[in-house]
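Here is a friendly walk through a two-chain model. Please keep the structure open beside the text as you read.

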Amino acid sequence: MNCRDMDKLLSSYANNELDNKQTDIVVKHLESCARCRENLKQFVESGRQIMSLQQTPPLPDVKPSIMSRIIMRDVKVRPRKMVRKVLIALPVTLIAVALLALQLLGFFTSPSGIISKAYAATQKITTYHSSQKTEMSYQDSGVSSVSYQEKDYDGPGNYHIKLFSNGPSPWQFEVTGVNGQIYYYQDMGSLAANPATLALNTDSINQLIQTAPQLFSASAIFQMANTDDMFNSLTKVKKLDDENLDGLTCLHYQATQDKEKLIAQLEEILNQNSSSLSQKQRDSYKSAIDLFRNSVTEFQYEIWISKDDYLIRQIILTTKMRYTQTLSSGTRTIESSGVATVNYRYNEPVIIQAPLTDAGELLPGWYLYSNLPAQ
Amino acid sequence: MDESLAITSLRAGNLDAFGGIVDLYQPQIMRYLYRLTGDVELAKDLTQDTFVQAFESIPKMDQNSQLQLKPWLFRVATNKAMQYYRRKKIIPFIHLGYNRDINTSDNGDPSREVIERLSVEAVLCRIAVQQRTCLILHFVEGFKYREIAKTLGISEDAVRMRVMRGQQAFRKIYSGGDTK
């Protein structure tokens, strides 16, 4: 074998890629050939040099972007099945999508860094607690009301939501999902006797259960919309000065709900899920959309996102509504304004307890919600 | 992580299983693409493309076939890079802007190894992409020729040839014999 033919073997020999027979040939040739010995040195040296590239500068972690792309892709591709989707959705996914929507809206000033961080942050959420205070006032009558919602969420099927008011006519409503069962409690107080009070029927319990995994649901009207629908239809986003919230420095944004866009999204969801809803549900959603279309005059968000961990810490929603109510005595125009303040805490230990006695019996006022519609 | 279990879970639509696969292979794929392109931003994009394709393709594959994830992912990554170069019709040169690894010694000079690594990077990026692919897979990623052949879908002999030519070109450019 001449030296020219040796190169291929020498390179393979230097790289430990020869079988025994070929190795013998090379070794034998090298004994008598100084040129090839020099050549071999060059192959060994270049191999060593290229091997030094195993060391790299710190490279960015691309996992958050990969997972975001997959989630976004999933959200786009997967047919919207309202009940099913919401029941099985992970809060983490919804939060991630909401953050992505914010990102797309130009919510963040430095896109690549913050969205990665925001997504990474949602991956660390195991539980969350939200407390919401809703203040409503009615201009014509001077009546105002305050109600609260406390929610503990510990993964799909494990949650406790309590809605209550401590006002002159107190009421309380609770739903607990745990161990594959759903329990509810209602004490409407003096309101129970008032026919105008919305009866807490199967539909309204369903709505509450559906919204359980969601980080944010603005009001009963929007319980059919997911967090991502809400955030997807924001407009006029404005960055305000950073603010300190419970010792956390937060990015502070203001945005307005794009009414037409949200209505279009709600109608699309309704159409796509029409076949899985009862006529009564369809009618109730339709009238909710109509009410929104015809009555909402202002719908503005403020959002605080912690700079430390990029999680949403507070949302304040301000709404103004104006609508006409028809009474037997004639019509009257009602103007109301509402402010809902929601605060979030994450990853604290959450214990969801079934409302049962030691003997396994339901506590007073609680019911087992056993006729949940099939998924 | 049990790879076949992760693949089975992914086929069943389990996003967490896919997250495990990303955790396991993303650093290698990212390094490979960075070394292949010399451009960290491009490597980021191509790494994302590779895994998004994996997420889409794996569940559709023949369930009976024993998918070997690592060579398959490197193959997809290589194809993504080739597609990019075909589309752009450009020859990549090293982006010296990304010199975050220049450790400085006490007197402020970059250390000798780093300077050498940077010249090696620069030289490598001037080698024909097919040879470069084989060099990186072998020397940086530790693939045997047999594994490179399988990953790239070429013969082992072709790999042998590309590595040799690649090493020869490397020597030539490194010693200043060829600057293209």
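Two residues are in contact here if their C-beta atoms, placed from the backbone, lie within 7 Å. Helices (H or I, at least four residues) and strands (E, at least two) are DSSP runs, numbered from the N terminus. This is a predicted model, in which local features need pLDDT of at least 70 and side-chain atom pairs count only at pLDDT 80 or more, while totals for chains, interfaces and linings use all residues. Residues are numbered from 1 along each chain as its sequence is written, and chains are lettered from A and ligands numbered from 1 in the order in which they are written.

**Helix packing**

Let us begin with chain A. A:C3, A:M6, A:D7, A:L10, A:S11, A:Y13 and A:A14 of α1(A) meet a set in α3(A) made up of A:R35, A:C36, A:N39, A:L40, A:F43, A:V44 and A:G47.

In chain B, α6(B) brings B:T133, B:C134, B:L137 and B:H138 to B:I148, B:T151 and B:L152 of α7(B). That contact divides into 4 nonpolar and 3 polar residues, with no charged ones.

The table gives the geometry of both pairs. Axes are lines fitted to C-alpha atoms, for helices over the stretch in contact, and angles run from 0 to 180 degrees between N-to-C directions.

| Helix pair | Angle | Axis distance |
|---|---|---|
| α1(A) (residues 3-14) and α3(A) (residues 34-51) | about 40° | 9 Å |
| α6(B) and α7(B) (residues 145-152) | roughly 130° | within 10 Å |

α6(B) and α7(B) are therefore oblique to each other, as angles under 35 degrees count as roughly parallel, over 145 as roughly antiparallel, 65 to 115 as roughly perpendicular and the rest as oblique. α1(A) passes α3(A) in a right-handed crossing, and α6(B) passes α7(B) in a right-handed crossing. A crossing is left-handed if the near helix is turned anticlockwise from the far one by less than a right angle, and right-handed if clockwise.

**Strands of chain A**

Strands pair if DSSP finds at least two bridges between them. β1(A) (residues 128-138) runs antiparallel to β2(A) (residues 144-153), joined by 10 bridges; A:K133 has A:Y148 in β2(A) as its bridge partner. Another 6 bridges link β2(A) to the antiparallel β3(A) (residues 159-165), where A:Y159 partners A:Y153. β2(A) and β3(A) form a hairpin with 5 residues between them, and A:G155 in the turn has a positive phi of about 95°.

**Where the chains meet**

Which element gives the largest share of the side of chain B that touches chain A? In total, 35 residues of chain B are in contact with 29 residues of chain A. The largest share on the chain B side is 8 residues, from α2(B). By class, that side has 18 nonpolar, 6 polar and 11 charged residues.

**Confidence**

The model scores ipTM 0.82 and pTM 0.46. pLDDT is the predictor's confidence in each residue, from 0 to 100. Chain A averages 71, with 66% of its residues scoring at least 70; its confidence is lowest in α5(A) (residues 82-88), at a mean of 28, and highest in α3(A), at 92. Chain B has a mean pLDDT of 78, and 75% of its residues reach 70 or more. Over residues 89-110 of chain B the pLDDT is below 50.

Conventions. Nonpolar A, V, L, I, M, F, W, Y, C, P; charged D, E, K, R; others polar.
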